[in-house]
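Hi everyone, thanks for making time. Let me put the structure up, and then I'll talk you through a few of its features.

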Amino acid sequence: MPSGSIEVEVKFTAGPGTEARLVALGAALAGSSSFRDRYYDTPDLRLTRADHWLRLRQGAGWELKCPPVPRRGAGGSSHVPGAPSPEPPAEGAGGSSHVPGAPSPEPPTVATTYQELTSPRAIVGRLCGVLGVAPVPGWDQVPGAVAGLGLQEFASFVTWRRSYRLGGLRVDLDQADFGYTVAEVEAVVGAQQEVPAALEGVMQLQRALGWDGATHVPGKLSVYLQRHRPRHYQELLRAGVLAGDPQPPPHDDNASGPDTPAPCGPSKVMGLAGAAEVEMGPSAGERQPSAP
């Protein structure tokens with residue numbers, strides 16, 4: 001995925017006939033995989049409280065999901081003299097924002113925009129900007145910056161995924177190793193002006209799969225934090241980064257069914273949401289944020 005791309009997505013709950021309906025619509029199985037996400041933050045949670053999500057995914061490397069413009073007040077100044085300027089993202093993400101020109105689906109949905117940074121220079125520059133420090137020699141790669149900035153792992157879990165492709169859309173059916181399942185439809189675009197059309201396509205497929213978007217569906221990381229890091233979860237609620245997610249289904253290590261992605265072999269290392277997300281992170285029309 002190119003650095004700086006924008007992911008438009010809708011999270012929903014897969015039903016017993018989801019995969020059959022996908023096939024009937026012409027979707028093709030793109031493959032099955034398993035991976036682990038590891039997420040990092042400062043001990044005082046300055047990154048996630050600023051809606052920045054640094055992830056290391058086995059097989060894919062480092063990625064930072066963040067609003068296009070760093071938020072002030074939650075994590076230091078937005079830019080530090082001497083720090084490389086982050087790649088300019090599309091406008092309007094991270095805070096409350098309706099996507100200009102986007103259709104108003106019924107029922108109302110939550111649109112969010114996250115920029116996805118994958119180049120080491122862009123990631124380090126944004127991290128330094130949020131944390132209010134200038135980079136030092138040796139931080140040209142993310143691991144050096146992670147160590148130098150004192151970032152610590154706060155979440156780690158494996159996901160088993162079955163993926164389908166339908167035109168330019170992708171549908172992922174995920175089961176996390178802590179007993180939570182969620183599905184999402186997504187499109188990836190390169191510019192903000194492409195978001196409205198992508199959002200419409202994502203919403204159309206969502207409706208075709210029988211999900212009306214009326215119920216907010218929390219993402220995997222939101223549920224992980226709610227279950228395993230409740231203090232962190234409460235901090236993000238207070239910061240307005242997360243909305244109060246509905247109580248997810250109870251933990252069930254043996255959950256399986258026709259549409260529950262089954263574990264597909266040894267975990268490779270990995271890693272979110274409610275109605276519609278224009279992914280850079282959770283943000284919204286009537287904002288109901290949910291962790292990436």
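I'll go through the backbone, then the aromatic rings, then the nonpolar cores.

A word on the ground rules: this is a predicted model, so local features need pLDDT of at least 70 and side-chain atom pairs count only at pLDDT 80 or more, while totals for chains, interfaces and linings use all residues. Residues are numbered from 1 along each chain as its sequence is written, and side-chain values use heavy atoms, with hydrogens and water left out.

Let's begin with phi. Most residues other than glycine have a negative phi. Leu-45, not a glycine, has a positive phi of about 65°. Leu-45 sits in the loop between β2 (28-41) and α2 (46-49); helices (H or I, at least four residues) and strands (E, at least two) are DSSP runs, numbered from the N terminus. Asp-51 also has a positive phi of about 65° without being a glycine, and its place is the loop between α2 and β3 (53-57).

Are these two buried or exposed? Leu-45 is buried, at a relative accessible area of 12%, and Asp-51 is buried at 0%. Here buried means under 20% relative accessible area, exposed over 50%, and partly exposed in between, with a 1.4 Å probe and protein chains only.

On to the rings. Rings of Phe, Tyr and Trp (its six-membered ring) pair if their centres lie within 6.5 Å; planes under 30 degrees apart are stacked, over 60 edge-to-face, and the rest tilted. By this rule there are six aromatic pairs. One of them is Tyr-40 with Trp-62, tilted, at 5.3 Å centre to centre and 50° between the planes. That pair links distant parts of the chain, with Tyr-40 in strand β2 and Trp-62 in strand β4 (residues 61-66), 22 residues apart. Tyr-40 is buried at 12% relative accessibility, and Trp-62 is buried at 17%. Ring pairs also join Tyr-39, Phe-154, Phe-157, Phe-178 and Tyr-224 into a cluster.

Finally, the cores. A nonpolar core is a set of buried Ala, Val, Leu, Ile, Met, Phe, Trp, Tyr and Cys residues joined through side-chain atoms within 4.5 Å. Which residues touch the most other members of the largest one? Out of its 42 residues, they are Trp-53, Val-171, Val-185, Leu-221 and Leu-225. The largest share of this core, six residues, comes from α5. A second, separate core has 21 residues, among them Leu-47, Leu-64, Ile-123 and Leu-151.
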